[in-house]
Amino acid sequence: METLEHLFHNNKKWADSITQQDPSFFQRLSNLQKPEILWIGCSDSRVPANEIIDLAPGEVFVHRNIANVVVHSDLNCLSVIQYAVEVLKIKHIIVCGHYGCGGIEASLNDQDHGLIDNWLGHIKDVSRLHQAELSELTGKEKVHRLCELNVVEQVNHVSDTTSVKNAWKNGEELYIHGWIYNIENGILHDLMSSPKSS
Ligand code: CO
């Protein structure tokens with residue numbers, strides 16, 4: 001059986017190096033997590049939340065799914081948002097998409113992808129909302145733009161959740177950000193910076 005021994009080896013090296021720099025790091029974290037950021041991003045292996053923004057364990061609460069979609073009835077994502085906002089009292093929610101997103105690309109063609117087509121339907125909805133603009137574009141440019149528009153729409157969905165609306169109603173400091181990541185050079189771009197707050 002393949003036991004992935006090298007990953008345990010990597011893990012030990014990683015934990016040792018952190019402990020060497022900061023002997024009480026894990027002990028401290030085990031008592032409390034107090035992140036200020038909730039990251040909602042794509043599952044794509046090239047877009048790992050902590051690494052991209054260079055934050056240590058404990059500093060970012062993470063939810064990832066295919067094409068960073070926030071669906072009004074997705075209990076998984078809604079529970080993450082509720083816990084982050086109401087219990088952790090995070091200050092920033094970042095919806096981060098990325099260029100070259102396979103989910104976005106797949107939503108633009110009519111091939112049969114099986115079960116995942118039900119999920120990609122949410123991105124098709126975004127396409128329909130922006131049909132006029134997208135119909136002017138083709139190929140990579142079209143995918144590129146839909147990656148951006150999808151972030152904008154998902155930011156709207158986050159803003160419409162009961163957890164976020166209640167936080168704003170209660171005068172809490174909570175900002176929503178729409179970012180996009182370029183997998184070709186590792187650089188993040190701000191598409192829309194937190195205009196919404198109470
Ligand atoms: Co993706």
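**Figure 1. Packing of helix H4 in the predicted model.** In this predicted model, the buried residues of H4 pack against strands E1, E2 (60-65) and E3 and against helices H8 (139-159) and H9 (162-169). These buried residues are Cys77, Val80, Ile81, Ala84 and Val85. Viewed down the axis of H4, they fall within an arc of 115°, so they line one face of the helix.

**Figure 2. Length and ends of helix H4.** Helix H4 covers residues 75-87, which is 13 residues. At 1.5 Å a residue, H4 should span 18 Å; the C-alpha atoms at its ends are 17 Å apart, which agrees. At the start of H4, Asp74 places a side-chain oxygen within 3.1 Å of the backbone nitrogen of Asn76. After H4 comes Lys89, which has a positive phi, near 55°.

**Figure 3. The cobalt site.** Three residues coordinate the cobalt ion: Cys42 through SG, His98 through NE2 and Cys101 through SG. The distances are 2.0 to 2.3 Å. Along the chain, the donors of the cobalt ion follow the spacing C-x55-H-x2-C. Cys42 belongs to strand E1 (residues 37-42) and His98 to strand E3 (residues 92-98), so this pair ties together parts that are 56 residues apart in sequence. Cys42 and His98 are both buried.

Figure 4. Leaving aside residues up to four places away in sequence, Val95 touches Ile40, Asn68, Val151, Gln154, Val155, Val158, His177, Gly178 and Trp179. The C-alpha atom of Val95 is separated by 12 Å from that of His189, a residue 94 places away along the chain.

Figure 5. Ser127 is found in helix H6, which comprises residues 116-129. With a relative accessible area of 15%, Ser127 falls under the 20% limit and is therefore buried. When residues up to four places away in sequence are not counted, Ser127 touches Leu108, Leu134 and Leu146.

Terms used:
Residues numbered from 1 in each chain as written. Predicted model: local features only at pLDDT ≥ 70, side-chain atom pairs only at ≥ 80, totals over all residues. Heavy atoms only, no water. Helix = DSSP H or I, 4+ residues; strand = E, 2+ residues; numbered from the N terminus. Buried < 20%, exposed > 50% of the residue type's maximum accessible area, 1.4 Å probe, protein only. Contact = heavy atoms within 4.5 Å. Donors = N, O, S within 2.8 Å, 3.2 Å for Na, K, Ca; no water. Expected span 1.5 Å × (residues − 1). Arc of directions from axis to C-beta. Polar contact = N/O pair within 3.5 Å; in protein donor to acceptor, adjacent residues only side chain to side chain.
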